[in-house]
Amino acid sequence: MSASIAIIILIAYFCMLMVVGYFTSKNSNATTFYNANHSAPWYLVAFGMVGVSLSGVTFISVPGEVGNTHWSYLTLVIGNCMGYMLIAWILLPIFYRLNLISIYGWLEKRYGAKTRRSGSILFLISQLIGASFRLFLIVSVLQIAFFNSIGIPLWCTVLITLLFVWLYTFRGGIKTLVWTDTLQTIFMLLSLFITIFIICKEMNFSIGEATNAIAQSDYSTIFNWDWKSGENTIKQLIAGIAITVAINGLDQNMMQKNLTCSTLKECRKNMFTFSALFLITNILFLTLGTLLYLYANSNGIAIPEKSDQLFPTLALNHFGFFAGLFFLLGVTAAAYSSVDSSLTAMTTAFCSDIMGVTEKNPRPKLRVTVHLLFSLLMGAIIIIFNSSNNSSVVSAVFTAVGYTYGPILGLFLFGLCTKRQPNEKAIPYICVASPIIAWVINRYSETILFGYKFGFEILLLNALITIIGLAISSSSKQR
């Protein structure tokens with residue numbers, strides 16, 4: 001596929017999103033941006049959240065990771081689904097009862113205003129750098145595949161795409177995202193289905209033959225019972241639950257969409273439906289990954305050194321124009337459904353938690369300004385990532401940012417499970433110290449813990465350290 005065709009496709013794609021943004025933002029009032037006036041259809045929210053939960057990194061990485069850890073990722077996904085059930089039954093009733101714009105408003109009611117700001121700042125740091133990193137990886141793929149050949153620099157690609165995102169979200173906000181996420185999920189799933197179909201056709205597989213080939217291959221191994229391994233099945237399940245509760249249930253980005261439903265009952269319908277779709281979609285991505293490796297092996301195609309490059313390499317160079325077209329649409333949809341959602345969530349959290357915006361005082365001019373500033377800040381971070389020219393440094397920053405969800409999980413768990421009141425002046429220091437201590441333990445875990453290697457469950461350790469800190473600084477006084 002030529003660069004000119006790729007540019008035409010991307011422009012047409014963003015124009016379509018802008019048309020959707022125009023129509024969905026009609027009759028919007030000052031609070032529509034934050035909660036869609038609690039009028040979003042639950043089934044659209046559920047379907048659209050699939051695209052948001054599966055970012056562009058997931059779209060590329062999960063199929064490639066099959067070659068490294070086989071299907072062990074599935075146990076993490078099952079843990080994720082169990083976590084969604086906990087969110088539906090425990091967290092959603094709390095957030096609905098309080099009618100919050102930002103979910104971190106609960107922290108203020110439980111601990112005080114300083115804790116609310118601390119939790120929100122941790123979210124903003126994680127979301128800003130995490131979303132920038134995900135967009136950076138996808139833009140880098142597009143840059144290498146298409147735009148470098150016609151002299152378009154990465155900074156220009158980044159700023160133009162962020163401008164498009166800002167234009168179709170700055171008025172309708174979360175109301176617009178409910179519809180654009182649905183559209184983007186459709187493109188992502190179309191890319192997935194079409195690629196699977198093309199591989200099966202190329203290898204003369206029927207559905208049954210493809211299923212048997214996958215089941216009989218070494219790539220389909222699911223369970224890992226080595227307790228030292230980061231992919232141990234039990235650790236994956238537990239980590240999946242913890243990650244979901246912390247990074248979805250306690251994350252403004254994901255929960256803001258849930259709270260657009262009109263009632264708690266409809267919101268739970270959304271969560272249960274989304275959970276089932278999430279599981280099915282990840283199974284399909286693992287299926288695709290196995291088929292990609294089987295196809296490459298049977299045709300003597302060299303496996304790229306970086307597993308993330310397998311899907312793009314085959315889709316753009318071996319499966320023909322049609323597959324390349326839908327790969328481009330799929331990876332773009334997966335990337336930007338995450339970016340537009342992150343920008344909206346960061347704007348909401350900053351305006352509500354830091355600037356004191358409420359439904360009675362929505363301050364629309366401030367919201368538009370903040371939304372633009374976060375767009376520019378994300379662009380600046382991506383340009384810095386690119387100029388560092390060191391992927392290991394970028395990955396280390398992204399990994400470190402993941403530690404910031406531990407204190408948020410600890411704050412919510414301590415607040416929900418106890419009635420003790422910590423010294424609020426100490427809480428910001430605890431939130432800073434906890435991830436640092438967790439990182440040090442993780443760094444030397446194999447030495448001090450008899451060969452034990454942390455996986456995703458490092459999040460639980462981080463939260464536990466936060467809880468211990470809160471307990472030490474607390475009294476029996478109830479708030």
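Which residues of H11 are buried? They are Thr-233, Lys-235, Gln-236, Ala-239, Gly-240, Ala-242, Ile-243, Thr-244, Val-245, Ala-246, Asn-248 and Gly-249, where buried means under 20% relative accessible area, exposed over 50% and partly exposed in between, with a 1.4 Å probe and protein chains only. Keep in mind that this is a predicted model, in which local features need pLDDT of at least 70 and side-chain atom pairs count only at pLDDT 80 or more, while totals for chains, interfaces and linings use all residues. Residues are numbered from 1 along each chain as its sequence is written, and side-chain values use heavy atoms, leaving out hydrogens and water.

- Helix H11 covers residues 233–249; helices here are DSSP runs (H or I, at least four residues), numbered from the N terminus.
- H11 has 17 residues and reaches 23 Å from first C-alpha to last, close to the expected 24 Å (1.5 Å times one less than the number of residues).
- H11 is mostly covered, with 12 of its 17 residues buried.
- What does the covering of H11's buried residues include? Helices H5 (73–98), H12 (252–258), H18 (405–417) and H21 (458–472) are included, going by contact, or heavy atoms within 4.5 Å.
- Helix H19 (residues 427–443) also has 17 residues, and it reaches 25 Å where 24 Å is expected.
- In H19, the buried residues include Ile-427, Ile-430, Cys-431, Ser-434, Pro-435 and Ala-438.

**How helices pack**

- The axes of H5 and helix H13 (residues 264–298) come within 10 Å and cross at roughly 170°; axes are lines fitted to C-alpha atoms, for helices over the stretch in contact, and angles run from 0 to 180 degrees between N-to-C directions.
- That angle makes H5 roughly antiparallel to H13, a label for angles over 145 degrees.
- The residues where H5 meets H13 split into 22 nonpolar, 3 polar and 1 charged (Ala, Val, Leu, Ile, Met, Phe, Trp, Tyr, Cys and Pro count as nonpolar, Asp, Glu, Lys and Arg as charged, and the others, Gly among them, as polar).
- H13 also packs with helix H14 (residues 310–317), at an angle of about 65° and with axes 11 Å apart.
- That makes H13 roughly perpendicular to H14, the label for 65 to 115 degrees.
- The crossing of H13 and H14 is left-handed, which is when the near helix is turned anticlockwise from the far one by less than a right angle; clockwise would be right-handed.
- Leu-288, Leu-292, Tyr-293 and Tyr-295 of H13 meet Leu-310, Phe-311 and Leu-314 of H14.
- The H13 and H14 contact has 7 nonpolar residues, no polar and no charged.

**Leu-154, tucked away**

- Leu-154 sits in helix H8 (residues 154–169).
- Leu-154 counts as buried because its relative accessibility is 10%.
- Leaving out residues up to four places away in sequence, Leu-154 touches Val-139, Ser-140, Gln-143, Ile-382 and Asn-386.
- Leu-154 and Ser-140 are 14 residues apart in sequence and 7.6 Å apart in space, C-alpha to C-alpha.

**Two asparagines in loops**

- Asn-99 is in the loop between H5 and helix H6 (105–110), and it has a positive phi of about 50° although it is not a glycine.
- Asn-99 counts as partly exposed, because its relative accessibility is 44%.
- Asn-204 is in the loop between H9 and helix H10 (207–216), and its phi is near 55°, also positive in a residue other than glycine.
- Buried or exposed: which is Asn-204? At 63% relative accessibility, Asn-204 counts as exposed.

Technical notes: Parallel < 35°, antiparallel > 145°, perpendicular 65-115°, else oblique.
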